[in-house]
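Keep the structure open as you read.

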Amino acid sequence: MAEMGSKGVTAGKIASNVQKKLTRAQEKVLQKLGKADETKDEQFEQCVQNFNKQLTEGTRLQKDLRTYLASVKAMHEASKKLNECLQEVYEPDWPGRDEANKIAENNDLLWMDYHQKLVDQALLTMDTYLGQFPDIKSRIAKRGRKLVDYDSARHHYESLQTAKKKDEAKIAKAEEELIKAQKVFEEMNVDLQEELPSLWNSRVGFYVNTFQSIAGLEENFHKEMSKLNQNLNDVLVSLEKQHGSNTFTVKAQPRKKSKLFSRLRRKKNSDNAPAKGNKSPSPPDGSPAATPEIRVNHEPEPAGGSMPGAALPKSPSQSSLPAVVVETFPATVNGTVEGGSGAGRLDLPPGFMFKVQAQHDYTATDTDELQLKAGDVVLVIPFQNPEEQDEGWLMGVKESDWNQHKELEKCRGVFPENFTERVP
């Protein structure tokens, strides 16, 4: 019996709620059609608009604050990785290694502390601030329903009073329901009329406190981080001073394959090797040797290069001519007179591709490598077997050696490409 009674109460409550919803829906339709007046409170409506605006702004601030915290965490991870890299490359025998490691640890702790304080002093406060909105929003919606109930009860009471055939019992009951609906509505309305303006005004203090906390935490964080960065800079300056060299040494890319043709290379006799940097001295003015000997070549001489004997200075008009014709003095190559007109041309190595000029000295580490000095011009030729070419290495013959010997087997060799630069 008790169970049936309980079910009966539940069923009755459900039926009552359904009836209320139907009554409210009917009342709203009549109000929209203008067949029933609606109780208005413009001051309260303004409070509701402010409430919705405040909720929207707070929700956006919460979202952006979470994004900011995610960025701080990402920066923490990136900074940690960067410091780990420094610790790995910082060799054990370098001075300041312990200090650098300690700075990295303090850097990590500083990021962690900054993130946690942002959570405690900004995000949690933000969550608490927004936590009061759902309840108030629910109460605003409930007040709206109770206002519809009040208007419906009022209209029902008025219709019974104006009916031609009055039923006092129904009028009395309608009046009782009207008074009850009014009381419920006014209780909720009074509470919200007090709370909404207070909540709206609280936003100023909340924004001030939140952004002051963020600004203060960020300021302190950057002050401490600046100190760590200065300490790290001091360590690196000390490392630089003790190692004493500010020059970055260019290193050749390591070769992996076997020697290409070391068996073909022969050690050059010192008297056959071209003397590096030796240039023919300029003879005194007016002496017979002052009359220059002309060498004609397919390729223009590199800037700053010298030819056997003294070279005639070129004028702008001469530099554009395809060949030089001199009738007074015959052109010679290695002591041999070229064609009758003096317009002979030097041969290039078979398969010649382009020229490069050494930008750095390179000391050969094997018999099949070229020894280079900065300024040397190399004629690049292809590998006989392309599969033997190591990445970053070229095959060539120094232009000075080729002009002197004309023998590939004797003069060619491999050299690191990154020590050179292509020239016209």
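A residue is called buried under 20% relative accessible area, exposed over 50%, and partly exposed in between, using a 1.4 Å probe and protein chains only. This is a predicted model, in which local features need pLDDT of at least 70, side-chain atom pairs count only at pLDDT 80 or more, and totals for chains, interfaces and linings use all residues. Residues are numbered from 1 along each chain as its sequence is written, and side-chain values use heavy atoms, with hydrogens and water left out.

Start with the whole chain. It has eight helices and seven strands. These are DSSP runs numbered from the N terminus, with helices (H or I) of at least four residues and strands (E) of at least two. Of the 424 residues, 31% are buried. The accessible surface is about 27900 Å², and carbon and sulfur atoms hold 53% of that. Such areas come from the Shrake-Rupley method with a 1.4 Å probe; for residues, only the protein chains shown count as cover. Now take contacts, meaning heavy atoms within 4.5 Å. Among contacts with a separation of 6 or more, 73% join residues 24 or more positions apart.

Next, the charged pairs. Side chains of opposite charge can pair when their charged atoms come close. A salt bridge here is a side-chain nitrogen of Lys or Arg within 4 Å of a carboxyl oxygen of Asp or Glu. The whole structure has 13 of them.

One joins Glu399 to Lys355, with the closest N and O atoms 2.8 Å apart. This pair links distant parts of the chain: Glu399 sits in helix 7 (residues 399-405) and Lys355 in strand 3 (residues 354-358), 44 residues apart. Glu399 counts as buried because its relative accessible area is 9%. Lys355 is buried too, at 4%.

Asp135 and Arg139 meet in a salt bridge at 3.6 Å, N to O. They are four residues apart in the helix, so about one helical turn separates them. Asp135 is partly exposed at 46%, and Arg139 is partly exposed at 21%. With Glu195, these two residues form a network of salt bridges.

Helix 5 has a pair as well. Glu224 bridges to Lys227 at 3.7 Å between the closest N and O atoms. The two are three residues apart, so they too are separated by about one helical turn. Glu224 is partly exposed, at 37%.

What of a charge without a partner? Arg203, in helix 5 (residues 168-243), is buried yet has no salt bridge. The nearest side chain of opposite charge is Glu57, 5.1 Å away. For that search, Lys and Arg count as positive and Asp and Glu as negative; His and the chain ends are not counted. Leaving aside neighbours within four places in sequence, Arg203 contacts Gln54 and Tyr129.

Move to Leu123 in helix 3 (residues 97-131). Leu123 counts as buried because its relative accessibility is 9%. Beyond residues up to four places away, Leu123 touches Leu65, Arg66, Leu69 and Leu118. Its C-alpha atom is 8.8 Å from that of Leu69, 54 residues apart along the chain.

Finally, look at the cysteines. A disulfide is a pair of cysteine sulfur atoms within 2.5 Å. By this rule the count is zero. Cys47 is buried at 11%, and Cys411 is buried at 0%.
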